[in-house]
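I opened this notebook to record what I looked up in the structure, entry by entry.

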Amino acid sequence: MNPAQLDERNINARDIEELIGALSDLEVDGIIEHKPSQCASKGPVSEELLEEEDLMKEEKPSVSAEQVAAIRAAWSRRPEDERVCYDPLARHFLGPELGGVIDDPKLTETVAAAVEESTPGAIGCVGARTRYIDDYLKTCIDDGIEQLVILGAGYDSRPYRFSEMKGNVRVFELDQPATQREKIEILKMILGSTPEHVVYVPINFDKESIADRLYASGFNRDLKTLFIWEGVTMYITAEAVDATLGFVAENSGKGSSIIFNYILQSVVDGTYRTEDAEKMRQSYAQRGEPLIFGIPEGAIDAFLSERGFCNVKDVNGEFFRSAYFKGKIASTNVCCLCGFVTASVKPN
Ligand SMILES: C[S@@+](CC[C@H](N)C(=O)[O-])C[C@H]1O[C@@H](n2cnc3c(N)ncnc32)[C@H](O)[C@@H]1O
């Protein structure tokens, strides 16, 4: 990294740190005996920190939502044969600082190198996660989903990129109010208005009931529904995770499913004692969005089965590498510490 080059463009170390923080949605592999009670651990995060975090969530748009949008924007600026995902709307959601980085290819390269040095494989992993969920959504649309619920939507642009959903699939976007307000303003600027098939549901998952908020917004439990829960579970309490999964399992029509990612509990509670894991915990906490929830490694099948799901499929960076990184991007480093899961709601 060349600090003079960054200063010239009004970019400082904090901006770099924030982009690096986007890597925090990564997960780690290992074998740990599964016990449901372990999943309820908040690790070493204090009540005071949680309260502080809640206040920040309520008052200002999510930093991490902008950071992951920046990574998607960076991938999307590349030529077709050099990118893993394509989200042409992502750039619109960036503020002047991260937007300035993405608009300058040299600066993007400089920042990406710094991110790669700090948390190897993260940019590849976040790009691949977008692609993986896009691919899954496409399959579900082809299979005739009637509702899409995006939990912790942030700047997810799928409702606007997948135009085939218009008129066929009702979309519910749930997020904390400040981020959602910001997103709606930006959407009005770029699209003129928000589309009729999208319903915005402001919520704090830690304090409010998804059922109350969704039913008040017109959600129909009899419809075949896909739930996307990308980059969120690590930010909310175990009770909120259980409440969300419980809602999905008990309030979805035949053929419904969920796709989400999670972080290892040992990373959250600090017992995964590596420098990378400690860095990850610190970077979440420093930007006001501390790691709160994790699932013990190797436990995802049992965890979801106990909560009303079946057909659990869990993939990581190894899968992404062989599925998506070919040709000119074959040498991309992809973090193998991430886990992404799809699961069907068990039939009644
Ligand atoms: C890393 S961002 C992911 C955004 C989006 N899913 C994506 O992948 O681009 C995490 C999102 O979770 C939301 N979030 C975190 N905690 C929340 C809570 N307690 N209630 C509602 N939303 C929350 C944030 O506002 C943010 O949009």
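**Entry 1: the model.** I note at the outset that this is a predicted model.

**Entry 2: the sheet.** I looked up the strand order and found an open sheet of seven strands, running β3-β2-β1-β4-β5-β7-β6. Its pairing is mixed. I then asked which strands lie at the edges. They are β3 (198-202) and β6 (309-315), each of which pairs on one side only. From one strand to the next I read an average twist of 15 degrees.

Entry 3: I turned to strand β5 (residues 257-262) and strand β7 (residues 339-345), which run antiparallel and are joined by six bridges. I looked for the partner of Ser257 and found Ser344 in β7.

**Entry 4: helices on the sheet.** I noted that helix α9 (residues 177-191) packs on the sheet, where it touches β2 (170-175) and β3. The direction of α9 makes about 150 degrees with that of β3. Helix α11 (residues 238-250) also packs on the sheet, and I listed its contacts as β1 (147-151), β4 (225-229), β5, β6 and β7. The direction of α11 makes about 35 degrees with that of β7.

Entry 5: I checked the length of α7 against expectation: at 1.5 Å a residue, its 21 residues should span 30 Å. The end C-alpha atoms of α7 are 30 Å apart, so the two values agree. After α7 I found Gly144, which has a positive phi near 85 degrees.

**Entry 6: α4 against α7.** For packed helices I record the angle between the axes and the distance between the axes. Helix α4 (residues 63-76) packs with helix α7 (residues 122-142) at about 85 degrees, the axes being 9 Å apart. The two helices are therefore roughly perpendicular, since an angle of 65 to 115 degrees counts as such. I listed the residues in contact: Val68, Ile71, Arg72 and Trp75 from α4, and Ile123, Val126, Gly127 and Thr130 from α7. By class, I recorded five nonpolar, two polar and one charged residues in this contact.

**Entry 7: α7 against α15.** Helix α15 (residues 317-324) packs with α7 at an angle of about 70 degrees, and their axes are 10 Å apart. Cys125, Ala128, Arg131 and Tyr132 of α7 meet Gly317, Phe320 and Tyr324 of α15. The classes here are five nonpolar, one polar and one charged.

**Entry 8: the ligand.** How many residues surround the ligand? I found 23, the closest being Ser62, Ser64, Gly152, Gly154 and Gly231. The largest share of this shell, three residues, comes from α4.

Notes: Residues are numbered from 1 along each chain as its sequence is written. This is a predicted model: local features need pLDDT of at least 70, side-chain atom pairs count only at pLDDT 80 or more; totals for chains, interfaces and linings use all residues. Axes are lines fitted to C-alpha atoms, for helices over the stretch in contact, and angles run from 0 to 180 degrees between N-to-C directions. Helices (H or I, at least four residues) and strands (E, at least two) are DSSP runs, numbered from the N terminus. Angles under 35 degrees count as roughly parallel, over 145 as roughly antiparallel, 65 to 115 as roughly perpendicular and the rest as oblique. Two residues are in contact if their C-beta atoms, placed from the backbone, lie within 7 Å. Ala, Val, Leu, Ile, Met, Phe, Trp, Tyr, Cys and Pro count as nonpolar, Asp, Glu, Lys and Arg as charged, and the others, Gly among them, as polar. A residue is near a molecule or strand if its C-beta atom, placed from the backbone, lies within 6 Å of it. Two strands pair if DSSP finds at least two bridges between them. The expected span of a helix is 1.5 Å times one less than its number of residues.
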